[in-house]
Amino acid sequence: MSELSTTDVVVIGAGVSGLTAARRLAQAGRSVVVIEAGDRVGGRTMNLDVADGVITEGGGQWVGPGQDRVLSLVDELGLETFKTHVEGKSIYHRRGRSKRYAGLIPPLSPLALADFAQLQLRLERMARTVPVDAPWTARRAASWDATTFGRWLDANAVTAEAKEMFTVGFSVTNAEDPHATSLLVQLSRIRGSGGIDHALNITDGAQESRVVGGTVRIAERLAEDLGGAVVLDSPVVEIAHDTDGVLVRSARVDVRADRVIVAMSPADAARIHVTPDLPTRRVMLQRRWSSGAESKLFAVYDRPFWREEGLSGQAVSDLPVAKYVIDNSPPDAGVGILLTFLGTTGSSRGPDTILDDPAARRSAFLDDLTVLFGAQAASPTAYLEKDWTHERWISGCVGSRPPGSLIEYTDADRRPVGRIHWAGTETATINQGYLDGAVRAGERAAQEALNCGVVTVRSRRAGLP
(Lines give C-alpha, C1' and ligand atoms only; values in the text may rest on other atoms or scores of the structure.)
Protein backbone atom coordinates (compact mmCIF):
# COMPACT_ATOMS: atom_id res chain seq x y z
CA MET A 1 0.00 0.00 0.00
CA SER A 2 1.40 3.40 -0.99
CA GLU A 3 2.41 5.94 1.62
CA LEU A 4 0.28 9.13 1.64
CA SER A 5 2.05 12.48 1.84
CA THR A 6 1.16 16.11 1.33
CA THR A 7 3.04 18.87 -0.48
CA ASP A 8 2.46 22.06 -2.43
CA VAL A 9 3.51 20.77 -5.86
CA VAL A 10 4.16 17.28 -7.19
CA VAL A 11 6.62 16.96 -10.07
CA ILE A 12 6.41 13.77 -12.13
CA GLY A 13 9.72 12.94 -13.78
CA ALA A 14 13.24 13.40 -12.37
CA GLY A 15 14.94 14.48 -15.56
CA VAL A 16 16.60 17.86 -15.98
CA SER A 17 13.30 19.60 -16.71
CA GLY A 18 11.36 18.21 -13.77
CA LEU A 19 14.18 18.73 -11.31
CA THR A 20 14.72 22.29 -12.53
CA ALA A 21 11.03 22.99 -11.93
CA ALA A 22 11.29 21.51 -8.44
CA ARG A 23 14.35 23.61 -7.63
CA ARG A 24 12.70 26.86 -8.69
CA LEU A 25 9.61 26.04 -6.65
CA ALA A 26 11.69 25.18 -3.59
CA GLN A 27 13.63 28.43 -4.00
CA ALA A 28 10.27 30.24 -3.98
CA GLY A 29 9.44 28.67 -0.62
CA ARG A 30 7.11 25.92 -1.85
CA SER A 31 7.26 22.30 -0.73
CA VAL A 32 7.84 19.78 -3.52
CA VAL A 33 7.81 16.04 -4.06
CA VAL A 34 9.43 14.63 -7.23
CA ILE A 35 8.25 11.18 -8.32
CA GLU A 36 10.32 9.17 -10.79
CA ALA A 37 9.38 5.84 -12.39
CA GLY A 38 12.97 4.70 -12.90
CA ASP A 39 15.73 3.81 -10.47
CA ARG A 40 17.84 6.90 -11.19
CA VAL A 41 17.55 10.61 -11.84
CA GLY A 42 18.56 12.22 -15.11
CA GLY A 43 15.91 11.04 -17.56
CA ARG A 44 17.45 11.28 -21.00
CA THR A 45 20.87 12.12 -19.60
CA MET A 46 22.98 9.32 -18.18
CA ASN A 47 26.57 8.22 -17.80
CA LEU A 48 28.10 5.01 -19.07
CA ASP A 49 31.11 3.71 -17.14
CA VAL A 50 34.16 3.27 -19.35
CA ALA A 51 36.91 2.32 -16.88
CA ASP A 52 38.61 3.55 -13.71
CA GLY A 53 36.30 6.47 -13.11
CA VAL A 54 36.11 7.45 -16.79
CA ILE A 55 32.61 8.00 -18.15
CA THR A 56 30.94 8.83 -21.42
CA GLU A 57 27.44 10.19 -21.92
CA GLY A 58 24.75 7.78 -23.04
CA GLY A 59 22.12 10.48 -23.62
CA GLY A 60 21.96 14.23 -24.17
CA GLN A 61 25.41 15.65 -23.64
CA TRP A 62 26.14 18.99 -25.32
CA VAL A 63 25.63 22.63 -24.43
CA GLY A 64 26.60 25.67 -26.44
CA PRO A 65 26.38 29.43 -26.88
CA GLY A 66 22.83 30.78 -26.97
CA GLN A 67 21.74 28.10 -24.51
CA ASP A 68 21.69 30.61 -21.70
CA ARG A 69 19.39 28.88 -19.23
CA VAL A 70 21.24 25.58 -19.03
CA LEU A 71 24.63 27.32 -18.93
CA SER A 72 23.36 29.52 -16.12
CA LEU A 73 22.12 26.44 -14.25
CA VAL A 74 25.48 24.71 -14.74
CA ASP A 75 27.18 27.71 -13.11
CA GLU A 76 24.56 27.86 -10.34
CA LEU A 77 25.24 24.21 -9.47
CA GLY A 78 29.00 24.71 -9.38
CA LEU A 79 29.64 22.45 -12.37
CA GLU A 80 32.21 23.03 -15.09
CA THR A 81 32.25 22.56 -18.85
CA PHE A 82 34.97 21.70 -21.34
CA LYS A 83 35.16 22.18 -25.09
CA THR A 84 34.43 19.36 -27.51
CA HIS A 85 37.68 18.40 -29.22
CA VAL A 86 37.92 19.96 -32.69
CA GLU A 87 41.65 20.43 -33.30
CA GLY A 88 43.01 18.74 -36.41
CA LYS A 89 41.54 17.76 -39.73
CA SER A 90 38.23 15.99 -40.18
CA ILE A 91 37.34 13.23 -42.64
CA TYR A 92 34.78 13.28 -45.43
CA HIS A 93 34.15 9.84 -46.92
CA ARG A 94 31.85 9.32 -49.87
CA ARG A 95 31.62 6.66 -52.56
CA GLY A 96 34.74 4.86 -51.40
CA ARG A 97 37.01 7.90 -51.18
CA SER A 98 38.19 9.76 -48.09
CA LYS A 99 39.27 13.38 -47.96
CA ARG A 100 40.74 15.25 -45.04
CA TYR A 101 39.70 18.83 -44.50
CA ALA A 102 40.12 21.73 -42.09
CA GLY A 103 37.33 23.94 -40.82
CA LEU A 104 33.61 23.38 -40.50
CA ILE A 105 32.51 22.55 -44.03
CA PRO A 106 33.29 19.18 -45.67
CA PRO A 107 34.83 19.33 -49.17
CA LEU A 108 31.62 18.95 -51.13
CA SER A 109 31.72 19.30 -54.89
CA PRO A 110 31.28 22.93 -56.02
CA LEU A 111 27.73 22.18 -57.22
CA ALA A 112 26.82 20.43 -53.96
CA LEU A 113 28.30 23.27 -51.92
CA ALA A 114 26.21 25.81 -53.82
CA ASP A 115 23.18 23.57 -53.43
CA PHE A 116 23.72 23.27 -49.67
CA ALA A 117 23.97 27.05 -49.43
CA GLN A 118 20.73 27.64 -51.35
CA LEU A 119 18.87 25.05 -49.25
CA GLN A 120 20.12 26.64 -46.04
CA LEU A 121 19.21 30.13 -47.25
CA ARG A 122 15.68 29.07 -48.21
CA LEU A 123 15.07 27.18 -44.98
CA GLU A 124 16.23 30.05 -42.82
CA ARG A 125 14.12 32.54 -44.79
CA MET A 126 11.10 30.29 -44.26
CA ALA A 127 11.96 29.84 -40.57
CA ARG A 128 12.01 33.61 -40.01
CA THR A 129 8.30 33.72 -40.90
CA VAL A 130 7.41 31.17 -38.19
CA PRO A 131 6.41 32.69 -34.82
CA VAL A 132 8.41 30.91 -32.13
CA ASP A 133 5.55 30.71 -29.63
CA ALA A 134 2.83 29.91 -32.17
CA PRO A 135 4.27 28.28 -35.31
CA TRP A 136 0.79 27.14 -36.40
CA THR A 137 -0.08 30.79 -37.11
CA ALA A 138 2.57 31.18 -39.84
CA ARG A 139 1.09 32.18 -43.19
CA ARG A 140 2.06 28.89 -44.84
CA ALA A 141 1.72 26.76 -41.71
CA ALA A 142 -0.95 24.44 -43.12
CA SER A 143 1.05 23.43 -46.19
CA TRP A 144 4.33 23.16 -44.28
CA ASP A 145 2.80 20.97 -41.59
CA ALA A 146 1.17 18.76 -44.22
CA THR A 147 4.55 17.56 -45.48
CA THR A 148 7.84 16.40 -44.01
CA PHE A 149 11.23 18.01 -43.91
CA GLY A 150 12.56 15.04 -45.89
CA ARG A 151 10.01 15.51 -48.66
CA TRP A 152 10.94 19.18 -48.89
CA LEU A 153 14.60 18.20 -49.29
CA ASP A 154 13.65 15.64 -51.96
CA ALA A 155 11.81 18.32 -53.93
CA ASN A 156 14.27 21.17 -53.51
CA ALA A 157 17.76 19.68 -53.37
CA VAL A 158 19.56 19.78 -56.72
CA THR A 159 22.31 17.35 -55.73
CA ALA A 160 22.22 14.08 -53.82
CA GLU A 161 25.37 15.11 -51.98
CA ALA A 162 23.86 18.25 -50.44
CA LYS A 163 20.71 16.36 -49.50
CA GLU A 164 22.82 13.68 -47.82
CA MET A 165 24.58 16.34 -45.73
CA PHE A 166 21.29 17.77 -44.48
CA THR A 167 19.95 14.28 -43.82
CA VAL A 168 22.97 13.22 -41.76
CA GLY A 169 23.07 16.47 -39.78
CA PHE A 170 19.39 16.60 -38.88
CA SER A 171 19.05 12.85 -38.35
CA VAL A 172 21.60 13.22 -35.56
CA THR A 173 20.10 16.35 -33.99
CA ASN A 174 16.47 15.13 -34.28
CA ALA A 175 17.18 11.43 -33.56
CA GLU A 176 15.00 10.50 -36.53
CA ASP A 177 15.03 10.65 -40.31
CA PRO A 178 13.84 13.97 -41.83
CA HIS A 179 11.02 12.09 -43.57
CA ALA A 180 9.45 11.54 -40.13
CA THR A 181 9.59 15.22 -39.10
CA SER A 182 7.00 17.83 -40.02
CA LEU A 183 8.52 20.61 -42.12
CA LEU A 184 6.77 23.17 -39.92
CA VAL A 185 8.25 21.57 -36.80
CA GLN A 186 11.72 21.69 -38.34
CA LEU A 187 11.34 25.34 -39.33
CA SER A 188 10.19 26.16 -35.81
CA ARG A 189 13.23 24.39 -34.38
CA ILE A 190 15.55 26.25 -36.73
CA ARG A 191 14.01 29.55 -35.65
CA GLY A 192 14.10 28.66 -31.97
CA SER A 193 17.67 27.35 -31.89
CA GLY A 194 19.45 30.21 -33.63
CA GLY A 195 19.69 28.86 -37.16
CA ILE A 196 21.13 25.91 -39.05
CA ASP A 197 24.78 26.77 -38.40
CA HIS A 198 24.13 26.80 -34.66
CA ALA A 199 22.22 23.52 -34.80
CA LEU A 200 24.89 21.63 -36.77
CA ASN A 201 28.19 23.20 -35.73
CA ILE A 202 30.49 22.44 -32.83
CA THR A 203 32.48 25.66 -32.46
CA ASP A 204 29.99 28.45 -31.75
CA GLY A 205 27.27 25.83 -32.09
CA ALA A 206 25.04 23.55 -30.07
CA GLN A 207 27.76 20.89 -29.70
CA GLU A 208 30.51 23.22 -28.46
CA SER A 209 30.88 22.03 -24.85
CA ARG A 210 30.26 19.16 -22.47
CA VAL A 211 29.85 19.04 -18.69
CA VAL A 212 32.76 17.70 -16.66
CA GLY A 213 31.55 14.43 -15.15
CA GLY A 214 28.74 14.14 -17.69
CA THR A 215 25.54 16.13 -18.18
CA VAL A 216 23.72 13.77 -15.81
CA ARG A 217 25.58 15.66 -13.08
CA ILE A 218 23.07 18.49 -13.63
CA ALA A 219 20.21 16.24 -12.57
CA GLU A 220 22.22 14.59 -9.81
CA ARG A 221 23.18 17.94 -8.27
CA LEU A 222 19.59 19.17 -8.50
CA ALA A 223 18.40 15.99 -6.77
CA GLU A 224 21.07 16.25 -4.08
CA ASP A 225 19.89 19.73 -3.18
CA LEU A 226 16.28 18.53 -2.99
CA GLY A 227 17.28 15.76 -0.59
CA GLY A 228 14.51 13.36 0.39
CA ALA A 229 11.98 15.10 -1.85
CA VAL A 230 12.89 12.76 -4.75
CA VAL A 231 11.12 9.37 -4.81
CA LEU A 232 12.56 6.76 -7.22
CA ASP A 233 11.18 3.45 -8.51
CA SER A 234 7.63 4.77 -8.26
CA PRO A 235 5.76 4.91 -11.59
CA VAL A 236 2.76 7.22 -11.46
CA VAL A 237 -0.48 5.49 -12.42
CA GLU A 238 -3.09 8.19 -11.85
CA ILE A 239 -3.62 11.92 -11.48
CA ALA A 240 -6.98 12.93 -10.00
CA HIS A 241 -7.65 16.66 -10.09
CA ASP A 242 -10.51 19.01 -9.27
CA THR A 243 -10.98 22.63 -8.23
CA ASP A 244 -9.53 21.93 -4.78
CA GLY A 245 -6.29 20.19 -5.70
CA VAL A 246 -4.67 17.05 -7.09
CA LEU A 247 -4.01 13.55 -5.90
CA VAL A 248 -1.13 11.72 -7.55
CA ARG A 249 -1.04 7.96 -7.10
CA SER A 250 2.19 6.03 -7.69
CA ALA A 251 3.76 2.71 -6.81
CA ARG A 252 5.45 3.88 -3.61
CA VAL A 253 3.72 7.09 -2.60
CA ASP A 254 0.40 8.87 -3.03
CA VAL A 255 0.65 12.65 -2.78
CA ARG A 256 -1.96 15.35 -2.24
CA ALA A 257 -0.92 18.71 -3.65
CA ASP A 258 -2.18 22.01 -4.94
CA ARG A 259 -0.70 21.46 -8.41
CA VAL A 260 1.23 18.91 -10.43
CA ILE A 261 3.90 19.35 -13.10
CA VAL A 262 4.25 16.46 -15.56
CA ALA A 263 7.81 16.61 -16.87
CA MET A 264 7.63 13.82 -19.43
CA SER A 265 7.32 13.58 -23.18
CA PRO A 266 3.67 13.50 -24.32
CA ALA A 267 4.12 9.89 -25.43
CA ASP A 268 5.28 8.86 -21.95
CA ALA A 269 2.64 10.98 -20.21
CA ALA A 270 0.00 8.92 -22.02
CA ARG A 271 0.73 6.06 -19.60
CA ILE A 272 -0.84 8.02 -16.74
CA HIS A 273 -4.60 7.77 -16.19
CA VAL A 274 -6.08 11.22 -15.55
CA THR A 275 -9.47 11.90 -13.98
CA PRO A 276 -11.46 13.72 -15.08
CA ASP A 277 -10.41 13.12 -18.68
CA LEU A 278 -7.88 15.38 -20.35
CA PRO A 279 -9.05 17.60 -23.23
CA THR A 280 -9.33 15.78 -26.54
CA ARG A 281 -6.52 17.78 -28.14
CA ARG A 282 -4.11 16.73 -25.39
CA VAL A 283 -5.14 13.07 -25.53
CA MET A 284 -4.76 12.89 -29.30
CA LEU A 285 -1.41 14.68 -29.20
CA GLN A 286 -0.13 12.09 -26.72
CA ARG A 287 -1.33 9.27 -28.96
CA ARG A 288 0.27 10.71 -32.08
CA TRP A 289 3.53 11.88 -30.53
CA SER A 290 6.65 10.66 -32.34
CA SER A 291 9.64 9.59 -30.25
CA GLY A 292 12.95 9.58 -32.07
CA ALA A 293 14.66 6.19 -32.02
CA GLU A 294 18.42 6.57 -32.06
CA SER A 295 21.23 4.70 -30.32
CA LYS A 296 24.73 5.85 -29.42
CA LEU A 297 27.72 3.60 -30.13
CA PHE A 298 31.14 4.14 -28.55
CA ALA A 299 34.53 2.65 -29.38
CA VAL A 300 37.07 3.11 -26.56
CA TYR A 301 40.84 3.11 -27.09
CA ASP A 302 43.82 3.39 -24.74
CA ARG A 303 44.44 6.88 -26.15
CA PRO A 304 42.96 9.17 -28.84
CA PHE A 305 45.44 7.91 -31.45
CA TRP A 306 43.83 9.93 -34.24
CA ARG A 307 45.02 13.15 -32.63
CA GLU A 308 48.62 11.95 -33.07
CA GLU A 309 47.89 11.85 -36.80
CA GLY A 310 46.55 15.40 -36.85
CA LEU A 311 42.89 14.33 -36.94
CA SER A 312 40.02 15.80 -34.97
CA GLY A 313 38.11 12.53 -34.67
CA GLN A 314 35.20 13.96 -36.66
CA ALA A 315 33.99 12.25 -39.80
CA VAL A 316 31.02 12.49 -42.16
CA SER A 317 30.44 9.50 -44.41
CA ASP A 318 28.03 7.41 -46.45
CA LEU A 319 29.12 4.23 -44.65
CA PRO A 320 26.45 1.89 -43.26
CA VAL A 321 26.78 2.76 -39.55
CA ALA A 322 29.29 5.55 -38.93
CA LYS A 323 27.60 8.31 -40.89
CA TYR A 324 28.74 10.90 -38.37
CA VAL A 325 31.60 10.37 -35.92
CA ILE A 326 32.87 12.67 -33.19
CA ASP A 327 35.64 12.55 -30.61
CA ASN A 328 33.92 11.91 -27.26
CA SER A 329 37.07 11.50 -25.17
CA PRO A 330 37.22 12.78 -21.58
CA PRO A 331 38.76 16.21 -20.91
CA ASP A 332 42.13 14.77 -19.89
CA ALA A 333 42.27 12.51 -22.98
CA GLY A 334 43.20 9.65 -20.65
CA VAL A 335 41.43 7.34 -23.08
CA GLY A 336 40.17 7.90 -26.61
CA ILE A 337 36.48 7.54 -27.44
CA LEU A 338 34.82 7.72 -30.86
CA LEU A 339 31.05 8.13 -30.94
CA THR A 340 28.48 7.56 -33.66
CA PHE A 341 24.68 7.51 -33.83
CA LEU A 342 22.60 4.67 -35.25
CA GLY A 343 19.02 5.37 -36.25
CA THR A 344 16.15 2.99 -36.88
CA THR A 345 14.38 4.82 -39.70
CA GLY A 346 15.07 6.20 -43.16
CA SER A 347 18.58 6.58 -44.49
CA SER A 348 20.12 6.33 -41.01
CA ARG A 349 18.56 2.90 -40.46
CA GLY A 350 20.80 -0.13 -40.43
CA PRO A 351 19.66 -3.59 -41.54
CA ASP A 352 17.81 -5.70 -38.98
CA THR A 353 20.90 -7.86 -38.49
CA ILE A 354 22.65 -4.76 -37.13
CA LEU A 355 19.67 -3.30 -35.27
CA ASP A 356 18.90 -6.52 -33.40
CA ASP A 357 22.35 -8.09 -32.92
CA PRO A 358 24.86 -6.31 -30.63
CA ALA A 359 27.77 -8.32 -31.99
CA ALA A 360 26.89 -7.46 -35.59
CA ARG A 361 26.43 -3.82 -34.57
CA ARG A 362 29.87 -3.72 -32.97
CA SER A 363 31.50 -5.40 -35.95
CA ALA A 364 29.86 -3.06 -38.48
CA PHE A 365 30.79 0.03 -36.45
CA LEU A 366 34.42 -1.02 -36.15
CA ASP A 367 34.57 -1.87 -39.86
CA ASP A 368 33.45 1.68 -40.63
CA LEU A 369 35.90 3.22 -38.16
CA THR A 370 38.71 1.20 -39.73
CA VAL A 371 37.85 2.63 -43.15
CA LEU A 372 37.88 6.13 -41.69
CA PHE A 373 40.75 6.05 -39.18
CA GLY A 374 42.91 3.09 -40.15
CA ALA A 375 43.85 -0.26 -38.68
CA GLN A 376 44.20 0.99 -35.09
CA ALA A 377 40.47 1.64 -35.01
CA ALA A 378 39.74 -2.07 -35.45
CA SER A 379 40.94 -2.99 -31.95
CA PRO A 380 39.28 -0.92 -29.21
CA THR A 381 39.83 -1.70 -25.56
CA ALA A 382 36.08 -1.53 -25.01
CA TYR A 383 32.83 -1.12 -26.90
CA LEU A 384 29.78 0.54 -25.32
CA GLU A 385 26.34 1.45 -26.55
CA LYS A 386 23.16 3.03 -25.30
CA ASP A 387 19.96 1.87 -26.98
CA TRP A 388 17.10 4.30 -26.34
CA THR A 389 14.54 2.23 -28.23
CA HIS A 390 14.15 -0.36 -25.45
CA GLU A 391 13.96 1.89 -22.40
CA ARG A 392 11.11 0.88 -20.10
CA TRP A 393 9.98 4.37 -19.07
CA ILE A 394 11.41 6.63 -21.79
CA SER A 395 10.13 6.60 -25.38
CA GLY A 396 13.26 7.65 -27.23
CA CYS A 397 15.90 10.25 -26.49
CA VAL A 398 14.37 13.08 -28.57
CA GLY A 399 10.66 13.56 -29.33
CA SER A 400 8.90 15.29 -32.20
CA ARG A 401 5.60 15.73 -33.99
CA PRO A 402 4.54 13.95 -37.16
CA PRO A 403 3.08 15.94 -40.07
CA GLY A 404 -0.29 17.55 -39.37
CA SER A 405 -0.12 17.45 -35.59
CA LEU A 406 1.20 20.96 -35.02
CA ILE A 407 -1.69 22.54 -36.90
CA GLU A 408 -4.19 20.13 -35.38
CA TYR A 409 -3.09 20.25 -31.73
CA THR A 410 -1.27 23.63 -31.56
CA ASP A 411 -0.15 24.30 -27.96
CA ALA A 412 -1.68 21.20 -26.33
CA ASP A 413 1.85 20.10 -25.45
CA ARG A 414 2.23 22.90 -22.89
CA ARG A 415 -1.22 24.43 -22.20
CA PRO A 416 -2.12 23.78 -18.52
CA VAL A 417 -5.14 21.61 -17.84
CA GLY A 418 -6.69 22.82 -14.62
CA ARG A 419 -4.05 22.20 -11.98
CA ILE A 420 -1.86 20.11 -14.31
CA HIS A 421 1.18 21.79 -15.90
CA TRP A 422 3.52 20.33 -18.52
CA ALA A 423 7.32 20.44 -18.75
CA GLY A 424 10.01 18.57 -20.68
CA THR A 425 12.18 19.85 -23.52
CA GLU A 426 9.43 19.04 -26.05
CA THR A 427 7.34 21.84 -24.57
CA ALA A 428 10.03 24.50 -25.02
CA THR A 429 9.79 27.05 -27.81
CA ILE A 430 13.47 28.05 -27.61
CA ASN A 431 16.07 25.28 -28.05
CA GLN A 432 13.42 22.56 -28.14
CA GLY A 433 14.99 19.12 -27.89
CA TYR A 434 18.13 20.43 -26.21
CA LEU A 435 19.08 20.47 -22.52
CA ASP A 436 18.53 24.22 -22.61
CA GLY A 437 14.95 23.60 -23.73
CA ALA A 438 14.49 21.21 -20.80
CA VAL A 439 15.64 23.87 -18.33
CA ARG A 440 13.49 26.57 -19.95
CA ALA A 441 10.43 24.32 -19.86
CA GLY A 442 10.97 23.44 -16.21
CA GLU A 443 11.35 27.08 -15.25
CA ARG A 444 8.28 28.05 -17.25
CA ALA A 445 6.13 25.33 -15.66
CA ALA A 446 7.31 26.31 -12.17
CA GLN A 447 6.46 29.95 -12.85
CA GLU A 448 3.02 28.96 -14.14
CA ALA A 449 2.33 27.14 -10.89
CA LEU A 450 3.52 30.11 -8.86
CA ASN A 451 1.52 32.58 -10.94
CA CYS A 452 -1.60 30.50 -10.35
CA GLY A 453 -1.16 31.04 -6.64
CA VAL A 454 0.09 27.75 -5.22
CA VAL A 455 -1.20 27.57 -1.68
CA THR A 456 0.18 25.41 1.07
CA VAL A 457 -2.07 22.36 1.07
CA ARG A 458 -1.77 22.04 4.82
CA SER A 459 -3.79 25.25 5.15
CA ARG A 460 -6.84 24.03 3.22
CA ARG A 461 -8.99 20.93 3.01
CA ALA A 462 -8.58 19.01 -0.21
CA GLY A 463 -11.80 17.90 -1.87
CA LEU A 464 -10.19 14.81 -3.37
CA PRO A 465 -10.66 11.38 -1.85
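**Note on the predicted model: loops, cores and domains**

1. Asp 204 is placed in the loop that runs between helix H8 (196–200) and strand E10 (209–211). The model under review is a predicted one. Although Asp 204 is not a glycine, its phi is positive, at about 65°. With a relative accessible area of 57%, Asp 204 counts as exposed, because the cut-off for that class is over 50%.

2. A second residue of this kind is Ala 333, which is not a glycine and has a positive phi near 55°. Ala 333 sits in the loop between strand E20 (324–327) and E21. Its relative accessibility is 25%, so Ala 333 is classed as partly exposed. As background to both points, most residues other than glycine have a negative phi, and most peptide bonds are trans.

3. The peptide bond between Thr 275 and Pro 276 is cis, with omega about -10°. Pro 276 belongs to the loop between strand E16 (273–275) and helix H11 (280–288).

4. The chain is divided into domain 1 (4–43 + 215–279 + 412–452), domain 2 (47–65 + 206–211 + 294–387) and domain 3 (109–200). Taken over C-alpha atoms, the centres of domain 1 and domain 2 are separated by 33 Å. Contact between these two domains involves 5 residues of domain 1 and 9 residues of domain 2.

5. The largest nonpolar core has 50 residues, and the members that touch the most others are Leu 123, Phe 166, Leu 183 and Leu 187. Helix H3 (residues 110–127) supplies the largest share of this core, 6 residues. The core lies between domain 2 (47–65 + 206–211 + 294–387) and domain 3 (109–200), because both give residues to it. Another core, of 35 residues, lies apart from this one; Leu 25, Val 74, Leu 77 and Leu 435 are among its members.

6. Beyond its neighbours within four places in sequence, Leu 123 is in contact with Phe 149, Trp 152, Phe 166, Leu 183, Leu 187, Ile 190 and Ile 196.

7. Phe 341 is listed by UniProt, in an unreviewed entry, under "binding site". In the model Phe 341 is part of strand E21 (residues 336–343). Its relative accessibility is 11%, so Phe 341 counts as buried. Apart from residues within four places in sequence, the contacts of Phe 341 are Trp 62, Val 172, Glu 294, Ser 295, Lys 296, Val 321 and Tyr 324.

8. Helix H14 (residues 358–373) has 16 residues, which should span 22 Å at 1.5 Å a residue; the end C-alpha atoms are 22 Å apart, so expectation and model agree. The N-terminal end of H14 is capped by Asp 357, through a side-chain oxygen 3.0 Å from the backbone nitrogen of Ala 359. After H14 comes Gly 374, with a positive phi near 95°.

9. Which residues of H14 are buried? They are Arg 361, Ala 364, Phe 365, Leu 366, Asp 368, Leu 369, Leu 372 and Phe 373. For reading such a list, an α-helix has 3.6 residues a turn, so residues three or four places apart point the same way.

10. Thr 429 lies in the loop between strand E24 (420–422) and helix H16 (435–451). Its side chain makes a polar contact, at 3.1 Å, with the side chain of Asp 133. Setting aside residues up to four places away in sequence, Thr 429 touches Val 132, Asp 133, Gly 192 and Arg 414.

Terms used
Residues are numbered from 1 along each chain as its sequence is written. This is a predicted model: local features need pLDDT of at least 70, side-chain atom pairs count only at pLDDT 80 or more; totals for chains, interfaces and linings use all residues. Side-chain values use heavy atoms; hydrogens and water are left out. A nonpolar core is a set of buried Ala, Val, Leu, Ile, Met, Phe, Trp, Tyr and Cys residues joined through side-chain atoms within 4.5 Å. Buried means under 20% relative accessible area, exposed over 50%, partly exposed in between (1.4 Å probe, protein chains only). Helices (H or I, at least four residues) and strands (E, at least two) are DSSP runs, numbered from the N terminus. Domain bounds come from an automatic or database domain assignment. Contact means heavy atoms within 4.5 Å. UniProt positions are given in the numbering used here, feature names are shortened, and annotations may be inferred rather than shown by experiment. The expected span of a helix is 1.5 Å times one less than its number of residues. A polar contact is a pair of N or O atoms within 3.5 Å; within protein, one must be able to donate a hydrogen and the other to accept it, and residues adjacent in sequence count only if both atoms are side-chain atoms.
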